Amino acid sequence: MAKWLKDLFEDYMEEELGEDLSSRFLCPTSPVIGGIYFGSLKSLNENKPNKPLYFLIVDKIDYDIYEVLKVSDRYEFARNSDIILDIGTLKVIIETDNNFYLTENEINKFILIHQITEEELNNILAFRDGEKPSHLKTGFTPLFEEDIRNKFNQEEFNQIKDYHMRIFEILAMPDVQIVELLPEHLHQYEMKYAASTDQKATYKDDMILYQGEDFIELVLDEKYLNKNVKITLDDKVIYEGVLKDQSIIIPYEGKQLDLDSLAEKINIQTEG
Amino acid sequence: MHIRQLIKIEKFYIVRELLKARKIKDEWLGDLYALLTLPDEDNEITKTKYELIKLILTEKIYFKPELFTSLSNIFDNKIVSELFKAKYKEVYFPIYNVDNEDESILAKALVVPLSSKTFSLNTFVKSESLYTIKTATNQNFFCNV
């Protein structure tokens with residue numbers, strides 16, 4: 001093993017930030033898909049060392065959970081699964097086999113230092129999925145198990161292991177109650193004039209109705225939880241069964257709906 | 001259904017849309033005003049506080065002096081009265097980090113000129129930052145980011 005690489009690894013293992021970044025003020029902003037962020041590992045957990053932590057946000061997988069890839073400025077340890085990227089002020093590696101999950105609040109403890117292009121992001125994700133875009137620069141394939149690049153990769157994973165394992169908590173979350181409706185059932189509630197309103201929410205007795213970008217959400221009063229309910233729209237049954245969550249999602253990609261009229265036509269009954 | 005159920009299950013994005021659509025019942029206002037005292041630990045809370053303050057300052061039917069005064073000692077009768085009469089300004093508020101310029105941002109803020117005090121309900125806005133602007137403008141104000 002090259003001595004310089006061994007020395008670099010020792011330096012990496014001992015590296016800590018001089019400044020305590022975990023306690024500084026940062027104004028909350030929305031996470032940027034394709035953004036490379038920098039901060040301290042300690043910001044995620046006080047018991048972790050004050051080591052530098054870089055990551056790239058690749059996807060929003062749930063309401064408040066983002067998938068990120070570990071990024072490092074230690075490009076000398078790049079393996080064949082790492083993409084080497086020059087981001088102007090730094091040369092970094094995107095560790096495509098080292099993903100983990102962070103909430104918006106956690107991401108807000110880090111600084112956005114660079115934003116890659118949509119094309120670069122797509123290339124990175126395609127590479128992870130097995131494609132080999134020729135223009136991407138990657139590291140070396142370690143020939144031996146004890147190669148220091150493997151040690152580096154293992155240590156990189158150990159730093160964020162807890163956040164990698166979060167996927168199991170996410171998968172264990174109860175499934176969202178989704179109701180499929182034919183588009184014609186909602187077309188009659190579409191606003192006739194484009195500029196007539198941009199109202200996205202309304203309420204009625206025991207429910208609140210919200211129109212998102214590609215879904216309608218019915219939030220029912222908590223008194224219906226774990227009860228057998230029947231929900232109808234214009235006498236058509238759209239949900240029947242035990243309510244396990246206050247929210248019911250109806251996928252819908254269309255025009256702005258007249259939510260007040262729609263809410264009027266939705267009825268909730270308890271059964272049994 | 002009471003809006004406190006939405007707050008409890010953290011559906012702040014729906015709360016904001018109800019505020020924007022003025023779909024608010026009177027009996028919800030106590031719970032909504034209570035949101036203003038929450039620490040800005042979550043961007044969703046910060047954004048909801050912003051929409052709420054904007055609604056209260058725009059539509060006076062939602063302005064309840066007694067709810068303001070019960071929130072904090074900061075809201076004495078004089079300040080509440082000034083808030084009620086004032087017209088807010090929507091401005092971009094520079095938050096500058098002298099140690100690291102990269103952390104400096106332009107935040108959108110609602111500002112109301114006041115005669116006696118300068119303060120913000122955002123827990124992440126440092127009083128020193130407000131004091132700098134107060135000195136530069138020679139004006140007290142209430143600010144919500």
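Predicted model: local features only at pLDDT ≥ 70, side-chain atom pairs only at ≥ 80, totals over all residues.
Residues count from 1 along each chain as written, and chains are lettered from A in the order written. Local features need pLDDT of at least 70, side-chain atom pairs count only at pLDDT 80 or more, and totals for chains, interfaces and linings use all residues.

Colleague: In what order do the strands of the open 7-stranded sheet of chain A run?
Modeller: Strands are DSSP runs of E, at least two residues, and helices are runs of H or I, at least four, numbered from the N terminus. Two strands pair if DSSP finds at least two bridges between them. Here the pairing is antiparallel. The order is β6-β1-β2-β3-β5-β4-β7.

Colleague: Which strands are the edges of that sheet?
Modeller: An edge strand here pairs on one side only. The edges are β6 (111–115) and β7 (137–138) of chain A.

Colleague: Which residue in β5(A) stands opposite A:Ile84?
Modeller: Strand β4 (residues 82–86) of chain A runs antiparallel to β5(A). The two are joined by 5 bridges. Opposite A:Ile84 stands A:Ile93.

Colleague: At what angle to β5(A) does α4(A) run?
Modeller: Helix α4(A) packs on the sheet and touches β3 and β5 of chain A. Contact means C-beta atoms, placed from the backbone, within 7 Å. Axes are lines fitted to C-alpha atoms, for helices over the stretch in contact, and angles run from 0 to 180 degrees between N-to-C directions. The angle is about 25 degrees.

Colleague: How far apart are the end C-alpha atoms of α4(A)?
Modeller: The expected span is 1.5 Å times one less than the number of residues. Helix α4 (residues 148–164) of chain A has 17 residues, so it should span 24 Å. The end atoms agree with that, at 22 Å.

Colleague: Where does α4(A) bend?
Modeller: A bend is the angle between axes fitted to the seven residues ending at a residue and the seven starting there. In α4(A) it is about 45 degrees, at A:Asn158.

Colleague: Which residues of α4(A) are buried?
Modeller: Buried means 20 or more other C-beta atoms within 10 Å of the residue's own, with C-beta atoms placed from the backbone; 12 or fewer is exposed, and in between is partly exposed. The cover includes α1 (3–14), β3 (65–72) and β5 (91–103) of chain A. The buried residues are A:Arg149, A:Phe152, A:Asn153, A:Glu156 and A:Ile160.

Colleague: Which element of chain B gives the most to the side that touches chain A?
Modeller: The contact takes 22 residues from chain B and 22 residues from chain A. With 3 residues, the element that gives the most is α2(B).

Conventions:
Contact = placed C-beta atoms within 7 Å.
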